[in-house]
Amino acid sequence: MSKPKSKDAPMPIGDCITQLHKCLRERLCHGQLPSRLEASEAQHKHLLGLLTRTAIHGESNSVLIVGPRGSGKTALLKCVLRDLLQEKEVQKNLLQVQLNGLLQTDDRIALKEITRQLNLENVVGDKVFGSFAENLVFLLEALKKGDHSTTCPVLFVLDEFDLFAHHKNQTLLYNLLDVSQSAQAPVAVVGLTCRLDVLELLEKRVKSRFSHRQIHLLSSLSFTQYLERVRSQLSLPDDFPERKFAQDWNSSVQSFCEEKSVEDILRRHFNSSKDFRSLHMLLMLCLSRISIVNPTIKPADVLEASRLCFSDAKSNMLHGLSVLELCLVIAMKHLNDVYEGEPFNFQMVHNEFKMFLQRKSNSMYNFEQPVVMKAFEHLQQLELIRPIDGSSAKTQREYQLMKLTLDNCQIMEALQKYPQCPTDIKQWGMSAFG
Amino acid sequence: MKTRLRVRRVYKWQGEPLRFDRKLKNFEYGSLVISVEGLPRPNIINTGQCILIEGEEEDNPYVAQVNKLFGDESGRQKKAMVQWFVRASEVPVSKLPLLGREPHPQEIFYYQGRGCNEEVNAESILRPVQVKHLDGPAPFPDSNDKDVLYVKLSWDTKTFKMMDSAVLPPSTPPCCPKPCHPNSFPSSPPAAAPASRRANRRAISTPGTAVIQRAASADLRYAGDTMSTGKVGLEAESLHSATKLSASKCLSTKRRNAAARTPGVRKRLELCSPEKKSMPFSDVLSQLLDEELESEVELAQRLLASPPQVLHPTYSLTPRRKMHRAPADTDSLFQKPSVFMMNKLSACETDSPPSKTRAFSSMTEVDNENSPMLLVAATPRSSKRKSAQLVSTRIKKQLSLLDDQQNKDSNTEDEEEFAPSNKTLCSRSEDDKLIHGDENVLVKEGRQVLAGSRVPRSKTTLSSTRTPRITPSKKAATNTPRTPATPIIPSRLMPARHPTNILEVARTRLHVSSVPESLPCREQEFQDIYSFVESKIIDGTGGCMYISGVPGTGKTATVHEVIRCLQNAANINEIPSFRFIEINGMKMTDPHQAYVQILEKLISQTATADHAASLLEKRFSNPAPRKETTVLLVDELDLLWTRKQNVMYNLFDWPTRRHSRLVVLTIANTMDLPERIMINRVSSRLVAALSGDARRCLDICRRATELCEHSAANTSITRLVGMSHVMDALDEMFSSSYITAIQSASVQEQLFLRAVIAEFRRLGLEEATFQQVFLQHQALCRVEGLQSIGVSEVLAVCQRLGACRLLLLETSRFGILQRVRLNVSQDDILYALKSD
């Protein structure tokens, strides 16, 4: 068996763990690109061909990459660009403009950003872009100047493409796509979106100028592939500094994946979502439990991580409520049961609560109405209850109609776990009728 | 224009009316007095005098000669009948090459075209101006005096002709007659500084011609006040043509007789050589000059007064000179072709002069290859003359100095700058603006070595427009309102690869951007639009047309095709020339920007929207002597809709003005737009005859070629695009992605969709709250034997489906109360889930 070079002084276990964390975190959090996209070979080929033609032949193109969140749209584009830029001919011949619909919320900002990214602002020098109109004319002029054989192609990447469609008149999209359809500077417009109906958002003129190329990233991933992905994501690479540790780790990962309980948990995740991002979240939680005392990954880790992932946000919030507030929530639950989800107001809740106090309570005080009101308002602040749309602000607070945004099962779960919950309250909550 | 408006002018008739026209009920007067506030001496305008008339551009008022002054009985209305002159800037750019040289900035042309209102409001007269007739071959006096204009040729919207000096009034006080032959000046060499300046100037003037001859004077104003060499040949030629044409004029007869003494070729040579004064033709010249002595006097005085201006004669020599020293410096090699063209022309053209103008300009297009041969042929001739040699050596010296200077600036740009190609001609036209502006600024800054800085300056500006980045300091200098920065996307370092196989060629052709030779299925519409615009152009009237159709049916393409054909027709003089302007409603941020863009494209002047609107209003409603029709294409008209509709109203109103000569073609998708905005002047419509979008069709075909390429790469069978490929492409583009999306969704997502359907069925509604669906979902989970999952998790599932727009959701703030709707039909979902 070949020993590592640093055989005389094996790395201390602490350092190994640090290295492991560094390596895997980079992979899970930084979105390090895989060397090959297994699931989307065809799409990769299509996009690569398209962008290559823009870069090399100066052919203008427009394309949309559509796929649910976490399906690897950005990864696909990045992979394609990485492969594309390996070609020498392309390297110097491609300008990139990256826009994001969440950042460039209107065309004015987007135009400024384009100008900046194309390094055109130093053409303008000290001249301040007076108006939006000037900026648009300026940019169109710039793009018009070009012709397809001499001008450097420009790649426009529009992330969250659907948000650009909400801009006024869709001016930016119209102009970009118009350039891509006319003999001006060669451009490739690549839109990334998760909306399947994105084309319906486009105005008819804009739509007509779009080439109607859509690359769909719909993963038809099977569970075995998913499991394989988990294994490969957790495995350490061969060039890990401490080889012995890496081998141990990898074999532990292997056995970990074969464990039945782990498989069950992963299957549950898989059933819920095929999204890699949520998988990475889960693995990240597992990874954070790895330490010197716990140097290998164990099924318990993933169990705990999964519990964190699936825990219900609202019932967690209930744990932090005061007993009075919890009582009000239970009263609301009973009202909901009785009136079949009809809205309620403070008075109704208070009455329900008072009835409970009269009937069975021996652990609760009878609070003053303002105190109960305060608790009620706190629930509203937490958005556990919300006023229904129609009720105007004019009505007195006591009579404002509210709805509970909690499901019964969430309340039950919270009751189970509520620390030191008085038994009578627990019973009141569990009982079918108030 | 504002400054001018502020000056108050008072117009009064001078003297009693000369006569009274009974029919028209107006009095004719001999002169008009214009007194300007703040100026002690009023201007007096007499009939026959030349005047400036308020125009659209402040800097370039119209020039005309008063033929008649008359007013009505009340004396309120004062009118004038005028004979127009046009400035070079008013001549259509496409026609300027016919001139065959750079127009002098102070040069005007006697206007003989039709369709020009000769009656103007006398109140629009600004002041008198001096117009001097210059003889054909005579060079322009080099003066910066803006108040003197020179006329040599006449312009009848088609050709430049030699103008008869008799039509022009003998202008202004005759002083002591001075027999100053302009050609006699250069023999006295000026002091060192002027000499260098002259040399520099010449150096710039010749590249100017080289570029101009080739590139049809894209930057015509730029070389403005430098003499162009091309002039010589053309003028001599047009003189010749004029003599043949207007035989009736006694003056020209005289001239012709004189000219007839020497054969044409000789004459031309003499014309260009100032040294040979003894030749017969110089007699003719002096004779002519004697006749026009009065007008020359002032010029001569000025010439004497300022030594650096005494340059014209040497200018006229430049072509010869150039060829003589050409072998010495590489820089000038580029200029040779055009120069020699002229010589060659002069030799062959004498027999059929009148129609030569166009031939001339076309001949200058001839390739470089001819030049060496011509060089050989021409050199001996010029070297014969001693004096010429003498001057040329001097110039050579100056030029070598200059070259050093240039080399410092840039070596590389030279080829680029002078590379003769028609492409540069087109692309330069924008650069021109920048150059022009640059020049202005520099002049304003008062660079001490004006002439010396000329060449390098023009070089740097040219180079800077080619390279994308301009140093900020430089840009700061050009920061004048009239110089919009013209940005350029950096050009690629490696040339684009050309299509190598037949599929790639097909793909380039199928790209939407490529313009087809013909537009099939659009013949009728083409004909309609063509005849409409053509008739309006010929009549010199205005009109508007509304073209509608669904996107991608070829509205814009058809109009562009029409304009292209019309422009071709205009180029071969079938129809009067016209101006084409295009704006697009989508390409502006605000409807009112339309005014700004129209104005910018019309007279390249930037203004605010309001100001631009008023300027345009004025332009289209005043009976100014507009020389050509403007064709305005307004694309995406519906975007110009405003609450008050003033933009659209104006666009449709201007063409109906009597003097506007504006044809407006509007394009929009909506068929009912005219009704909606209540405009009845709808001339025609383009109904979408094609069922569908041509753009999309092209895209489908393009995709099909790609698919074909892919499949061929796999199987290496014959590469032919079959119907199957087209069908595949169609499928790919139009097949609903929803079903695949559902099929590839996770188990819980699919389950949730089923829960939604189940809940809808239960409720009998197409809408449910999340809470209701959640209960269904839990029930389904139990049925399927899956572990039940929490609210948060199901909410996440639901949000994911909402993000894909398989579901329509309210905002997630509502939590479990948010309402859920399907964005796909229930059948689709069931189908997708069943086949799974």
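**View 1. Leu807(B) and the residues around it.** Leu807(B) touches Phe752(B), Leu753(B), Val756(B), Cys798(B), Leu801(B), Gly802(B), Val820(B), Arg821(B), Leu822(B) and Asn823(B), leaving out residues up to four places away in sequence; a contact here means heavy atoms within 4.5 Å. This is a predicted model, where local features need pLDDT of at least 70 and side-chain atom pairs pLDDT 80 or more, while totals for chains, interfaces and linings use all residues. Residues are numbered from 1 along each chain as its sequence is written, chains are lettered from A and ligands numbered from 1 in the order written, and side-chain values use heavy atoms, without hydrogens and water. Leu807(B) also turns up in the largest nonpolar core, a set of 73 residues, where Phe752(B), Phe770(B) and Leu807(B) have the most contacts inside it. Such a core is made of buried Ala, Val, Leu, Ile, Met, Phe, Trp, Tyr and Cys residues joined through side-chain atoms within 4.5 Å. Buried means under 20% relative accessible area, exposed means over 50%, and partly exposed falls in between (1.4 Å probe, protein chains only).

**View 2. The open sheet E19-E21-E20 of chain B.** Three strands make up this open sheet in the order E19-E21-E20, with antiparallel pairing. Strands E19 (768–769) and E20 (807–809) of chain B sit at the edges, each pairing on one side only. Helices (H or I, at least four residues) and strands (E, at least two) are DSSP runs, numbered from the N terminus, and two strands pair if DSSP finds at least two bridges between them. E20(B) is joined to strand E21 (residues 819–822) of chain B by 3 antiparallel bridges. In E21(B), look for Val820(B), the bridge partner of Leu809(B).

**View 3. Strand E9 of chain B and its two partners.** Strand E8 (residues 78–87) of chain B runs antiparallel to E9(B), with 3 bridges between them; here Phe85(B) has Tyr110(B) as its bridge partner. With strand E13 (residues 148–155) of chain B, E9(B) pairs in the parallel sense over 4 bridges. There, Ile108(B) is bridged to Val151(B).

View 4. Asp197(A) lies in the loop between strand E4 (187–193) and helix H10 (198–201) of chain A. Is Asp197(A) buried or exposed? Asp197(A) counts as buried, because its relative accessibility is 7%. Its side chain makes a polar contact of 3.0 Å with the side chain of Arg195(A). A polar contact is a pair of N or O atoms within 3.5 Å; within protein, one must be able to donate a hydrogen and the other to accept it, and residues adjacent in sequence count only if both atoms are side-chain atoms. Beyond neighbours within four places in sequence, Asp197(A) is in contact with Tyr738(B), Arg805(B) and Asn823(B).

View 5. Cys309(A) is partly exposed, with a relative accessible area of 29%. Cys421(A) has its closest cysteine sulfur in Cys327(A), at 7.9 Å, again too far for a bond. Cys421(A) counts as buried at 13% relative accessibility.

Terms used. A disulfide is a pair of cysteine sulfur atoms within 2.5 Å.
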